[in-house]
Amino acid sequence: MKGLSTKNLALAYDGTPIIHDLNLAIPTGQITALVGANGCGKSTLLRGLARLLKPRGGAVYLNSTSILQLSTKEVAQQLGILPSSSSRTRRVNSTGFSSTRALSLSKLVATVVSTR
């Protein structure tokens with residue numbers, strides 16, 4: 001499959017499970033927003049997808065190849081992850097959303113781009 005995907009992904013911090021047995025498919029060239037309550041695992045998921053947090057179980061795949069088998073350069077050429085910033089939150093907030101909703105909507109955005 002082209003894009004970013006997980007199979008039975010499990011992520012944890014200091015032995016505390018955060019994400020359990022997640023199967024996910026993000027197609028190439030699409031923008032995918034992760035929206036949820038504070039503390040539900042959005043940032044943890046993005047850290048796992050970007051190889052910043054080693055999976056406790058399962059795997060992350062980029063264009064059907066385990067992301068752990070790819071070089072940093074190969075991953076950087078195909079994957080972009082853009083966390084929200086305070087200026088992005090202010091921009092969304094100025095459109096009239098309540099602050100809580102603005103924070104939820106702008107919390108995290110992941111984009112998968114493949115040149116192959």
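Modeller: Buried means under 20% relative accessible area, and exposed means over 50%. Keep that cut-off in mind for helix 1. The model is predicted.

Colleague: Which residues of helix 1 are called buried?

Modeller: They are Lys-42, Thr-44, Leu-45, Leu-46, Gly-48 and Leu-49. Each of these is buried, so each has under 20% relative accessible area. Six of the eight residues in helix 1 qualify, which leaves the helix mostly covered.

Colleague: What does helix 1 pack on?

Modeller: Strand 1 (residues 3–13) and strand 4 (residues 57–62) run antiparallel, joined by five bridges. Helix 1, residues 42–49, packs on the sheet and touches strand 1, strand 2 and strand 4. Its direction makes about 120° with that of strand 1. After helix 1 comes Arg-51, with a positive phi near 70°.

Colleague: Why is Ser-66 called buried?

Modeller: Its relative accessible area is 16%. The cut-off is under 20%, so Ser-66 counts as buried. Leaving out residues up to four places away in sequence, Ser-66 touches Val-60 and Tyr-61.

Colleague: How do you know that strand 4 and strand 5 pair?

Modeller: Pairing needs at least two bridges. Strand 4 and strand 5 have two, in the antiparallel sense, so they pair by that rule. Ser-66 lies in strand 5, residues 65–66. Opposite Ser-66 stands Tyr-61. Ser-5 also stands opposite Tyr-61 in strand 4. The hairpin of strand 4 and strand 5 has two residues between the strands, and Asn-63 takes a positive phi near 50° there.

Colleague: What is the strand order of the open sheet?

Modeller: The order is 2-1-4-5, four strands with antiparallel pairing. Strand 2 (16–27) and strand 5 stand at the edges. Each has a single partner strand, so one side of each is left without a neighbour in the sheet.

Colleague: What makes a set of residues a nonpolar core, and which members touch the most others here?

Modeller: The members must be buried, of nonpolar types such as Leu or Val, and joined through side-chain atoms within 4.5 Å. The largest core has 16 residues. Leu-4, Leu-45, Leu-49, Val-60 and Leu-79 touch the most other members. Strand 1, strand 2, helix 1 and strand 4 each give two or more residues to this core. In soluble globular proteins, nonpolar side chains tend to be buried together.

Colleague: How many residues does the protein chain have, and what share is buried?

Modeller: There are 116 residues, and 34% are buried. The chain has four helices and seven strands. Among contacts with a separation of 6 or more, 62% link residues 24 or more positions apart. The chain exposes about 6900 Å², with carbon and sulfur atoms supplying 53% of it.

Colleague: Where is confidence lowest, and where is it highest?

Modeller: The mean pLDDT of the chain is 75, and 69% of its residues reach 70 or more. Confidence is highest in strand 4, at 95. Over residues 86–116 the pLDDT is below 50. That stretch still has 61 contacts in the model beyond near neighbours in sequence.

Colleague: What does low pLDDT imply for reading the coordinates?

Modeller: Where pLDDT is low, the predicted coordinates should not be read in detail.

Definitions and conventions: Residues numbered from 1 in each chain as written. Predicted model: local features only at pLDDT ≥ 70, side-chain atom pairs only at ≥ 80, totals over all residues. Heavy atoms only, no water. Buried < 20%, exposed > 50% of the residue type's maximum accessible area, 1.4 Å probe, protein only. Contact = heavy atoms within 4.5 Å. Axes fitted to C-alpha atoms, helices over the stretch in contact; angles between N-to-C directions. pLDDT = per-residue confidence, 0-100. Areas by Shrake-Rupley, 256 points an atom, 1.4 Å probe, with all protein chains shown as cover.
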